[in-house]
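Visitor: I have a structure open and would like to walk through it with you. Where shall we begin?
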Amino acid sequence: MEKIKMTTPLVEMDGDEMTRILWKMIKDELLLPFVDLKTEYYDLGLVKRDETGDKITVEAAEACKKYGVGVKCATITPNVQRMSEYKLHEMWKSPNGTIRSILDGTVFRTPIVIPTIKPVVKNWEQPITIARHAYGDVYKGVELRVEEAGTARLVFDGESGKHDEVVIHNFKGAGVLQGMHNLDKSIRSFAHSCFKFAIDSKQDLWFSTKDTISKKYDGQFKAIFEEVFQDYKAEFERLGITYFYTLIDDAVARVIRSKGGFIWACKNYDGDVMSDMISTAFGSLAMMTSVLVSPDGNYEYEAAHGTVTRHYYKHLAGEETSTNPMATIFAWSGALRKRGEKDGIKELMNFADQLEGACFDTLGEGIATKDLVNLMEGITPKAVNSADFIAAIRQRLEKRLA
Ligand SMILES: NC(=O)c1ccc[n+]([C@@H]2O[C@H](COP(=O)([O-])OP(=O)(O)OC[C@H]3O[C@@H](n4cnc5c(N)ncnc54)[C@H](O)[C@@H]3O)[C@@H](O)[C@H]2O)c1
């Protein structure tokens with residue numbers, strides 16, 4: 001069989017620990033035999049990041065902007081323990097944070113749903129995608145502890161000399177204070193990414209805030225979304241999808257009663273909390289995919305999980321591991337499909353569909369990694385290690401492509 005040709009390189013960002021091991025297995029077994037893979041390779045493994053003073057992460061993000069599609073392996077975000085483990089020169093920032101700020105993007109997380117793993121919420125039939133605004137609010141908040149009676153004020157001094165002031169509270173005694181902000185520019189980028197992704201995935205978009213209580217702050221989010229929607233309204237109508245705004249409490253109630261199959265855009269804190277609820281309710285972190293979408297239409301695909309450190313130490317000790325490669329495979333299929341779409345290469349888009357199909361065939365026959373075995377219902381699953389799981393996918397992929 002002739003390998004599928006690509007025209008534009010995919011930005012490939014390698015990573016750390018167990019996911020780095022899976023990365024190579026996936027490429028060797030599921031991609032290179034079928035696709036004449038064209039990538040621009042960036043090693044974002046912690047060793048290389050340290051060697052380059054983390055320049056490699058910035059270069060990778062710039063490459064994503066240049067080519068428009070990237071795929072990333074999970075990477076270690078250094079902490080104190082990693083400083084000594086890797087003898088680091090500095091506690092480098094999270095690569096995902098760096099890439100996100102350069103691409104100015106929004107992260108969309110979607111569970112991979114299979115019939116034998118039932119979501120905890122039994123009426124959910126299709127995945128729910130969470131889009132989390134990843135700038136500001138409480139995450140860039142400043143706080144004060146007040147220990148006596150006094151007046152707290154919110155003050156703004158403009159460069160023009162404009163002065164605004166409101167009393168937050170007249171404290172009669174001890175208490176706490178918090179100041180937070182957001183930016184029209186960031187909210188607008190978030191809105192563009194959400195509408196673009198909804199069009200891309202042909203799904204309804206929900207957005208929720210608490211604008212009845214927070215009339216100016218959350219009210220601004222609502223207003224910007226409504227304004228940006230005007231740019232996309234015609235395309236939404238053409239595709240028969242809807243944009244739906246509601247209060248966060250109403251959204252929570254509706255999400256629980258829904259069948260799924262939509263995107264739920266959330267403010268930073270809501271998205272933080274709700275994405276954990278959604279991923280747990282759908283089954284497993286190892287089945288959660290993630291894509292960063294920039295407002296100008298660049299895409300970076302990855303698994304939502306980390307580097308699976310515990311399995312890596314077992315692997316180093318010579319033990320077999322049953323690490324689930326699904327989300328990493330879907331990062332590749334998502335990126336290849338998008339590259340195919342952008343370059344008009346139907347064979348590449350079809351390959352992505354077949355690769356995902358082969359994964360579903362394998363799981364449908366009960367062949368699964370250990371993390372999924374206890375979650376499966378209505379089938380007697382067979383637990384296999386990562387290599388055997390990938391080999392089983394390859395067999396089914398070959399059949400599909402024959
Ligand atoms: N996007 C990213 O690059 C990213 C995200 C999260 C964590 N991390 C990094 O990953 C490292 C480990 O972090 P962690 O332990 O908090 O998160 P983790 O996602 O690696 O693991 C969390 C738990 O889920 C299980 N798990 C996750 N993915 C799995 C898979 N594919 N198959 C089987 N089990 C799986 C693990 O065994 C563990 O119990 C840290 O250094 C952290 O900085 C990176």
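Guide: Let us begin with a term: two strands pair if DSSP finds at least two bridges between them. Strand S12 (residues 204-209) and strand S14 (residues 262-266) pair in this way, in the parallel sense, over 5 bridges. Please keep in mind that this is a predicted model.

Visitor: Which residue in S14 does Leu 205 stand opposite?
Guide: Leu 205 stands opposite Ile 263 in S14.

Visitor: How many strands form the open sheet, and in what order?
Guide: The open sheet is formed by 10 strands, in the order S4-S2-S5-S16-S15-S6-S7-S14-S12-S13, and the pairing is mixed. At the edges stand strand S4 (39-43) and strand S13 (243-247); each has a single partner strand, so one side of each is left without a neighbour in the sheet. From one strand to the next, the twist averages 20 degrees.

Visitor: Let us look at S6. How many of its residues are buried?
Guide: Strand S6 (residues 106-111) is mostly covered, with 6 of its 6 residues buried. In a regular strand the side chains alternate between the two faces of the sheet. In S6, Thr 106, Phe 108 and Thr 110 point one way, while Val 107, Arg 109 and Pro 111 point the other way, and all are buried.

Visitor: And which strands does S6 pair with, and in what sense?
Guide: S6 pairs in the antiparallel sense with strand S15 (residues 288-293), over 6 bridges. S6 also pairs with strand S7 (residues 128-132), again in the antiparallel sense, over 3 bridges. Phe 108 takes part in both pairings: its bridge partner in S15 is Val 291, and in S7 it stands opposite Ala 131.

Visitor: Moving on to S9: how many of its residues are buried?
Guide: The number buried is 0 of the 8 residues of strand S9 (residues 150-157), so S9 lies largely in the open. S9 is joined by 8 bridges to strand S10 (residues 163-171), and the two run antiparallel. The bridge partner of Val 155 in S10 is Glu 165.

Visitor: What about the turn of that hairpin?
Guide: The hairpin of S9 and S10 has 5 residues between the strands, and Gly 161 takes a positive phi near 100 degrees.

Visitor: And why does His 169 count as exposed?
Guide: His 169, in strand S10, counts as exposed because it has 12 C-beta neighbours inside 10 Å. His 169 and Thr 151 are 18 residues apart in sequence, with 6.0 Å between their C-alpha atoms.

Visitor: Now a helix. What is the span of H14?
Guide: Helix H14 (residues 386-401) has 16 residues and reaches 22 Å from its first C-alpha to its last, close to the 22 Å expected at 1.5 Å a residue. Its buried residues are Ser 386, Phe 389, Ile 390, Ala 392, Ile 393, Arg 396 and Leu 397. Seen down the axis of H14, these buried residues fall within an arc of 155 degrees, so they line one face of the helix.

Visitor: Lastly, how many residues surround the ligand?
Guide: The ligand is surrounded by 17 residues, of which the closest are Thr 77, Ala 286, His 305, Gly 306 and Asn 324. By class, the shell has 5 nonpolar, 9 polar and 3 charged residues.

Key: Residues numbered from 1 in each chain as written. Predicted model: local features only at pLDDT ≥ 70, side-chain atom pairs only at ≥ 80, totals over all residues. Near = placed C-beta within 6 Å. Nonpolar A, V, L, I, M, F, W, Y, C, P; charged D, E, K, R; others polar. Helix = DSSP H or I, 4+ residues; strand = E, 2+ residues; numbered from the N terminus. Axes fitted to C-alpha atoms, helices over the stretch in contact; angles between N-to-C directions. Buried ≥ 20, exposed ≤ 12 C-beta atoms within 10 Å, placed from the backbone. Expected span 1.5 Å × (residues − 1). Arc of directions from axis to C-beta.
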